[in-house]
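The sequence and structure come before the details.

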Amino acid sequence: MIWKPEFECADPADIRTLAGKRLRSLVEYVCANNPIYRKKLADAGVTPEKINSIADIVRLPVTVKDDLRDTYPFGLFCVPQKDVAEIHVSSGTTGNYTVVGYTKADLALWSDAVARSLAASGANPGDRLQVAYGYGLFTGGLGLHYGGLEMGLSVLPMSSGQTQRQLKLMQDFNCRVLACTPSYALHMAEEAKELGFDFSQTKWKIGVFGAEPWSNAMRQEIQDKWGLKAYDIYGLSEISGPGVANECEYQDGLHIWWDVFYPEVLNPDTFEPVPEGEPGVLAITTLTKQAIPLIRYVTRDVVTLNYAKCRCGRTCPRIGRVTGRTDDMIIVRGINVFPSQIEHALLKIEGTQPYYQLIVDRKAGGMDELEVLVEVEQSFFSDKISKLEALAATIRQKLHEALLVHVKVTLVEPKTIERSTGKSKRVIDRRKM
Amino acid sequence: MYTKQLSVFLGNKPGRLLEVCRLLGRAGVDIKAANIAESKDFGILRLIVDKCDEALAALKAASFSAECTPIVAVEVPDRPGGLAQILEAIEKAGLNIEYMYGFSIRHSDDALMVFRFDDAENASKALAAAGICIVTCGK
């Protein structure tokens, strides 16, 4: 079903007119409520009066992840803390986390966007939704939860893990919709097979999968194994969380809810708009957010945008599958990981050197594993196993704190990590996607 | 009097032990005893050699993480209760053993036992005072 046809199926000219008005209000709003934005816009020579239509968006300076990091924790917030109803945290490129806040209206906006996404995936009010994304600071779990509530689904807040229990409750409670990362969907299929699960008893008909890159081959595999239809959901916590865009029944690109999250495709170096249909980096402007509105936020995801009306009746543009990143971020079990975070964390542990290598692998069961190789420098060598194991445990714990994802730490001999042109080859991604 | 053990970090890869032994052979270092302590992902090679400092220099030049660790080597009488007698002296002195291993050398009937204590100097003094024969290896 189509949750908000008045926006999703509107005449694109009407949406552009609305977006232009909202953009003007947004610029007025950030200038009135945030000194950092005020200065940034003044430096760029932009005043609210100069924004008269959505075409004027190119006059505005872009926002990048470092703008969030440099103003940690609340620098870009535009409301007093008492009006911040909820906070989520994701990883930043170095040291500091990326903090996003939501007013109650922002939570309603997020809920609506996820409801649109669930509806596009074929969910109907009254369906039971099994949320197997992690709950917590990660936006996956609560985002799908709020969207489910908004849509009138019956929500089972499972969080991830405990496959046996997931399977039992899916059957006993007749859960029609599953939401989790695609790798967890595959992992559960593997475990179910080992447990001797009778796949004809599967209740899930719809899977809403996101928070990590996956291919059409993986989609096919998940659909074949579970006998459900698998939909790609896109989002990032900076914009709101999951549900910025979602596939419809034609699975031919992800519809972005452009009346609230206005997309542009930019040249990754110059940040100039690329010609329509060309690939570039996706930038999104949150037209109506209150707590931490972002103007032309550069996602670093490389995409194409298709403005043609879809067979489903929606007129909102479609994001082609994300084909890459313009930075070195990798996504592991739905969590963003930047190699620079590892370097930063290692430097803070006494005795360690910032020589490391990151190996990402997808296990047969579908779950991603992150292994960090750390060289045992002379300075922290010990003849006692217990001391070295304690060091590995410390590194493991510090990396977990920094990355918000579990890592396996392997100690290796000095100078064994490959160095190319003076710099280590930091990341080896062995996943086949 | 205490002596030194050459301790070397070994990554969990085939051929690393051979590489160490080759390097030491080329450096003219004689290995008297060898022992590996292993964990899941790495090992620590513990060697008693005739020239510990030269051996260490050769390994460091080849980018190994290694050190000369002070240890105490003692003669263990070759009879029932021989080791117990040594351990009694250690216990009496209130010393804590980090790890130990045994080896034998030619022209001696007695076994040799290597002990790793936190403070090798004090430990060797305490053992000598208890009448236990401390051995020095190499220089």
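The model described here is predicted.

**Helices α5(A) and α6(A)**

- Helix α5 (residues 104–120) of chain A packs against helix α6 (residues 139–151) of chain A at an angle of about 80°, and their axes are 7 Å apart.
- Because angles of 65 to 115 degrees count as roughly perpendicular, α5(A) and α6(A) are described as roughly perpendicular to each other.
- On the α5(A) side the contact includes A:Leu107, A:Trp110, A:Val114 and A:Leu118, while on the α6(A) side it includes A:Leu142, A:Leu144, A:Tyr146 and A:Met151.
- The residues of this contact divide into ten nonpolar, five polar and two charged.

**Helices α8(A) and α9(A)**

- Helix α8 (residues 182–194) of chain A and helix α9 (residues 216–226) of chain A have axes 10 Å apart and pack at an angle of about 40°, which makes α8(A) oblique to α9(A).
- The crossing in which α8(A) passes α9(A) is left-handed.
- Residues of α8(A) that take part include A:Pro182, A:Leu186, A:Met188 and A:Glu190, and they belong to a contact in which α9(A) supplies A:Met218, A:Glu221, A:Ile222, A:Lys225 and A:Trp226.
- By residue class, the contact of α8(A) with α9(A) comprises nine nonpolar, one polar and three charged residues.

**Nonpolar cores**

- The largest nonpolar core has 75 residues, of which A:Leu60, A:Leu118, A:Tyr234, A:Phe261, A:Ile284 and A:Ile319 touch the most other members.
- Helix α5(A) gives the most to this core, with nine residues.
- Leaving aside residues up to four places away in sequence, A:Ile319 touches A:Tyr234, A:Ala245, A:Gly253, A:Leu254, A:Ile256, A:Leu282, A:Val303, A:Thr304 and A:Leu305.
- Another core, of 33 residues, lies apart from the largest one, and among its members are A:Ile335, A:Phe380, A:Leu411 and B:Phe9.

**The loop residue A:Leu294**

- A:Leu294 is placed in the loop between β11 (280–286) and β12 (297–303) of chain A.
- With a relative accessible area of 1%, A:Leu294 counts as buried, because the cut-off for that term is under 20%.
- Not counting residues up to four places away in sequence, the contacts of A:Leu294 include A:Tyr37, A:Thr63, A:Leu68, A:Leu76, A:Glu238 and A:Ile239, and also A:Ile284, A:Thr285 and A:Thr286.
- Between A:Leu294 and A:Ile342 there is a separation of 48 residues in sequence and of 27 Å in space, taken from C-alpha to C-alpha.

Conventions
Residues numbered from 1 in each chain as written. Chains lettered and ligands numbered in written order. Predicted model: local features only at pLDDT ≥ 70, side-chain atom pairs only at ≥ 80, totals over all residues. Heavy atoms only, no water. Axes fitted to C-alpha atoms, helices over the stretch in contact; angles between N-to-C directions. Helix = DSSP H or I, 4+ residues; strand = E, 2+ residues; numbered from the N terminus. Parallel < 35°, antiparallel > 145°, perpendicular 65-115°, else oblique. Left-handed = near helix turned anticlockwise from the far one by under 90°. Contact = heavy atoms within 4.5 Å. Nonpolar A, V, L, I, M, F, W, Y, C, P; charged D, E, K, R; others polar. Core = buried A, V, L, I, M, F, W, Y, C linked by side-chain atoms within 4.5 Å. Buried < 20%, exposed > 50% of the residue type's maximum accessible area, 1.4 Å probe, protein only.
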